[in-house]
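My notes are below, in the order in which I looked things up.

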Amino acid sequence: MISENKLIEIVYPYTKQKRELLLSIGIIDKFDQYKICFGENGRICETSNFSYEIGSITKSVVASLVVNLIEQNVIQLSDPIWKDITLKQLLTHEFRIAEFPIPDRDVPNPFSDIFKKDVKEFIKEASIHKTSNWSYSNLGFALIGMYLEKKLNKDFSEILEEYID
């Protein structure tokens, strides 16, 4: 694993002249983990002072989880997830699904007050359209997570811990 000092040596030249910068890097392997934060003009910041949105990176985590579950014959790409939409179609964004309405509030994370019960209620009437190309969908991946919870009878966090190395 790259050392913290080597990481600083590599990253600092790119950050030293940047104003209004906040760059956090975390490195985890089987034996060690560390995190480092670069602030304005390359200044090293205390990492515990920040909270982060993980956003779309969760789609990569879900896709990795799906691959592991397929390899273990737990699920298949052809599994129906919602209405006539399959797991494969949600993973590849083949359907335009009306996105969950984001509350118009001045909060750091507008998704923080959306729960499974809200998604279940919303999808009862949500419009869907097959697309000739892809159509990005946050809701599609929420549906995948809910499907996996139901299929495996576990909370999503438990599924991640069990199937992602």
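**Ground rules.** I am working on a predicted model, where local features need pLDDT of at least 70, side-chain atom pairs count only at pLDDT 80 or more, and totals for chains, interfaces and linings use all residues. Residues are numbered from 1 along each chain as its sequence is written, and side-chain values use heavy atoms, with hydrogens and water left out.

**Layout.** Helices (H or I, at least four residues) and strands (E, at least two) are DSSP runs, numbered from the N terminus. Read from the N terminus, the order is α-β-β-β-α-β-β-α-β-α-β-α-α. I then checked burial, and 31% of the 165 residues come out as buried. Buried is under 20% relative accessible area, exposed is over 50%, and partly exposed is in between (1.4 Å probe, protein chains only). For contacts I used heavy atoms within 4.5 Å. Among contacts between residues at least 6 apart in sequence, 58% join residues at least 24 apart.

In what order do the 3 strands of the open sheet stand? They go 1-2-3, with antiparallel pairing. Strands pair if DSSP finds at least two bridges between them. Strand 1 and strand 3 are at the edges with a single partner strand each, so one side of each has no neighbour in the sheet. Helix 1 (residues 4-15) packs on this sheet and touches strand 1, strand 2 and strand 3. The direction of helix 1 makes about 20° with that of strand 2. For such angles, axes are lines fitted to C-alpha atoms (for helices over the stretch in contact), and values run from 0 to 180 degrees between N-to-C directions.

I went through the pairings next. Strand 1 (residues 23-28) and strand 2 (residues 33-38) run antiparallel and are joined by 6 bridges, with a hairpin of 4 residues linking them. Going along the pair, I found Leu23 partnered with Phe38, Ile25 with Ile36, and Ile28 opposite Gln33. Phe38 also has a bridge partner in strand 3, namely Ile44. Strand 2 and strand 3 (residues 44-45) pair over 2 bridges, and 5 residues lie between them in a hairpin. I noted Asn41 in that turn, which has a positive phi of about 60°.

**The cores.** A nonpolar core here is a set of buried Ala, Val, Leu, Ile, Met, Phe, Trp, Tyr and Cys residues joined through side-chain atoms within 4.5 Å. Which of the 27 residues in the largest nonpolar core touch the most other members? They are Trp82, Val119, Leu143, Ile144 and Leu148. The elements giving two or more residues to this core include helix 2 (57-71), strand 4 (80-82) and helix 4 (116-123). Helix 5 gives the most, with 8 residues. I picked out Trp82: leaving out residues up to four places away in sequence, Trp82 touches Ile97, Ile123, Ala126, Ile128 and Leu143. Another core of 6 residues lies apart from the largest one, and Leu7, Tyr34, Ile36 and Phe38 are among its members.

**Helix 5 against helix 6.** The axes of helix 5 (residues 138-152) and helix 6 (residues 156-163) come within 9 Å and cross at roughly 80°. The two helices are therefore roughly perpendicular. Angles under 35 degrees count as roughly parallel, over 145 as roughly antiparallel, 65 to 115 as roughly perpendicular and the rest as oblique. Helix 5 makes the contact through Gly145, Leu148, Glu149 and Leu152, and helix 6 through Phe156, Ile159 and Tyr163.

**Two single residues.** I found Ala98 in the loop between strand 6 and helix 4. Ala98 is partly exposed at 25% relative accessible area. Beyond four places in sequence, Ala98 is in contact with Phe122, Ser127 and Leu139. Ala98 and Leu139 are 41 residues apart in sequence but 8.1 Å apart in space, C-alpha to C-alpha.

Is Thr86 buried or exposed? With a relative accessibility of 18%, Thr86 counts as buried. Thr86 lies in strand 5 (residues 85-86). Setting aside neighbours within four places in sequence, I listed its contacts as Leu77, Ser78, Asp79, Pro80 and Ile81.
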